[in-house]
Amino acid sequence: MIEEQSAGIHPSRKLAHLASLVNRYANPDYSVTHGGHVQTIAAGHYTVSGLSRHVRLGEFVGHRSPTGIHLGEVVRVEPEVVYVCPIEPGEPIGIHDVVIRKGAFRVAPDDSWCGRTINALGEPIDGKGPLVSGTMRRPISNTAPPSMTRKRVEQGFKTGVRAIDIFSPLCLGQRLGVFAGSGVGKSTLLSMLARADAFDRVVIALVGERGREVREFIEDTLGDNMSKSIAVVATSDESPMLRKMAPLSAMTIAEHFRDQGDNVLLIVDSVTRFAHAIREVAVAAGEPPIARGYPASVFTELPRLLERGGPGPEGSGTITAIISILVDGDNHNDPIADSTRGILDGHIVLERSLADEGRYPPVNPLSSISRLARKAWTPDQEKLVSRLKSLIHRFEETRDLRLIGGYRPGADPDLDMAVKQVPIIYDVLKQSPGDRPSLDAFTDLATGLKNGSGNVNQPMARRA
């Protein structure tokens with residue numbers, strides 16, 4: 001075939017022509033362009049004829065319109081037509097418009113992206129100029145490293161949040177879920193965790209957030225830490241496709257730094273809105289719901305995303321993933337919360353009743369679990385925490401009895417100790433974003449119990 005195409009070409013140009021063909025087809029980003037035409041248009045998708053033999057599920061296509069080429073994702077493939085969900089809301093689509101195949105969507109992260117705010121497509125939205133593309137283009141729908149090649153999780157670190165460092169300590173490479181209803185303090189706790197000093201890079205995915213909160217989170221919460229951070233933003237008014245892509249792009253950027261040997265903190269707020277976006281896309285493509293309105297693809301995509309976090313292969317860094325889960329109606333057993341709880345390496349439960357009492361962060365130490373806590377505790381700390389949980393449980397289970405006057409001091413030594421010490425423990429655990437991060441939570445606890453007061457906080461502005 002090459003000889004036929006080269007017929008009539010001067011011999012001196014045949015070698016150059018052959019080299020250009022080799023380079024063209026050897027390029028990993030190259031894909032043969034196939035085209036089709038728009039057949040039908042619906043509210044959440046449109047169908048395209050002529051591409052069924054050439055595209056695969058999850059690939060991207062480009063729709064040519066008078067305003068340019070607009071991306072869409074293939075969400076369903078049938079013998080005659082493919083279903084496409086557009087990336088941009090309000091895209092002008094007409095019958096018989098040309099649609100071309102684009103292949104897998106890729107981003108090219110670079111170290112210079114630190115300090116920048118981008119959208120789900122990897123485009124800057126902070127007004128600081130264009131981004132520098134890295135040397136490697138990575139597909140955002142990637143797979144996790146093989147399980148037997150991954151490093152073991154061994155090293156604990158301090159978050160600076162006493163309620164977590166004492167009762168649910170974390171390790172580098174752990175994946176933790178923060179479960180809370182709306183307005184309980186989930187985003188505030190995430191902002192406190194983002195200040196941890198144990199990480200080389202921080203990648204934050206704000207999915208479905210209020211637009212006014214984006215600058216507040218980046219400028220007030222991250223502050224000086226923004227120099228080592230990248231924020232990927234898809235606000236609540238953007239299309240479900242962009243809200244679906246934001247955590248995938250953020251995870252891909254985190255993988256870039258992990259492969260360089262960095263310890264990366266990935267914060268996704270929230271994975272529930274990621275699941276809602278998948279549901280909108282799947283329902284528009286005709287997928288039936290199976291669990292409280294959620295289609296099966298939601299429960300396929302969640303582990304594919306979350307398993308990409310964690311320790312990397314030997315010789316690389318780690319991705320410590322802190323994932324927020326918005327529990328609908330404060331039901332901690334809704335399908336998304338139940339599914340993610342089984343995938344992650346621990347969960348922090350925020351209770352609305354504790355927030356109503358003014359205890360912030362409203363972490364329930366009895367319901368919160370870190371599956372890797374024993375790698376972060378010393379043996380003495382593990383025994384102490386077990387004793388503290390026993391006292392807190394005793395204090396809470398007798399609350400009604402004490403309120404009606406049924407408690408008599410001296411009848412139960414354990415209850416006497418709980419009544420005396422648990423309120424002090426609760427005061428020690430109180431912490432606001434303006435307080436300094438705790439350098440040693442157990443020392444703070446010992447100081448509070450010794451002094452008989454939980455006032456161990458100092459505003460960050462007063463630090464020496």
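This is a predicted model: local features need pLDDT of at least 70, side-chain atom pairs count only at pLDDT 80 or more; totals for chains, interfaces and linings use all residues.
Reader: What volume does the largest cavity have?

Author: Rolling a probe the size of a water molecule over the atoms shows where empty space is left. The count takes cavities of 30 Å³ or more, and it comes to one. The largest cavity has a volume of about 70 Å³.

Reader: Which domains each give at least three residues to the lining of the largest cavity?

Author: At least three lining residues come from each of two domains: domain 2 (107-376) and domain 3 (380-454).

Reader: Is Thr235 buried or exposed?

Author: Thr235 lies in strand S14 (residues 229-235). Buried means under 20% relative accessible area. Thr235 has 11% relative accessibility, so the label is buried.

Reader: Which residues is Thr235 in contact with, leaving aside neighbours within four places in sequence?

Author: Contact needs heavy atoms within 4.5 Å. With the neighbours within four places set aside, Thr235 touches Gly208, Glu209, Gly211, Val214 and Arg243.

Reader: Which side chain does a polar contact of 2.5 Å join to that of Thr235?

Author: A polar contact pairs N or O atoms within 3.5 Å. The contact here spans 2.5 Å, and the partner of Thr235 is Asp237.

Conventions: Residues are numbered from 1 along each chain as its sequence is written. Side-chain values use heavy atoms; hydrogens and water are left out. On a 1 Å grid over the protein atoms alone, a cavity is a set of points where a 1.4 Å probe fits but cannot get out, and a pocket is an open set with protein on both sides within 12 Å along at least five of seven lines; lining residues have an atom within 4 Å of a point. Grid points are joined across faces, edges and corners, and a volume is the space filled by probe spheres set on the points. Domain bounds come from an automatic or database domain assignment. Helices (H or I, at least four residues) and strands (E, at least two) are DSSP runs, numbered from the N terminus. Buried means under 20% relative accessible area, exposed over 50%, partly exposed in between (1.4 Å probe, protein chains only). A polar contact is a pair of N or O atoms within 3.5 Å; within protein, one must be able to donate a hydrogen and the other to accept it, and residues adjacent in sequence count only if both atoms are side-chain atoms.
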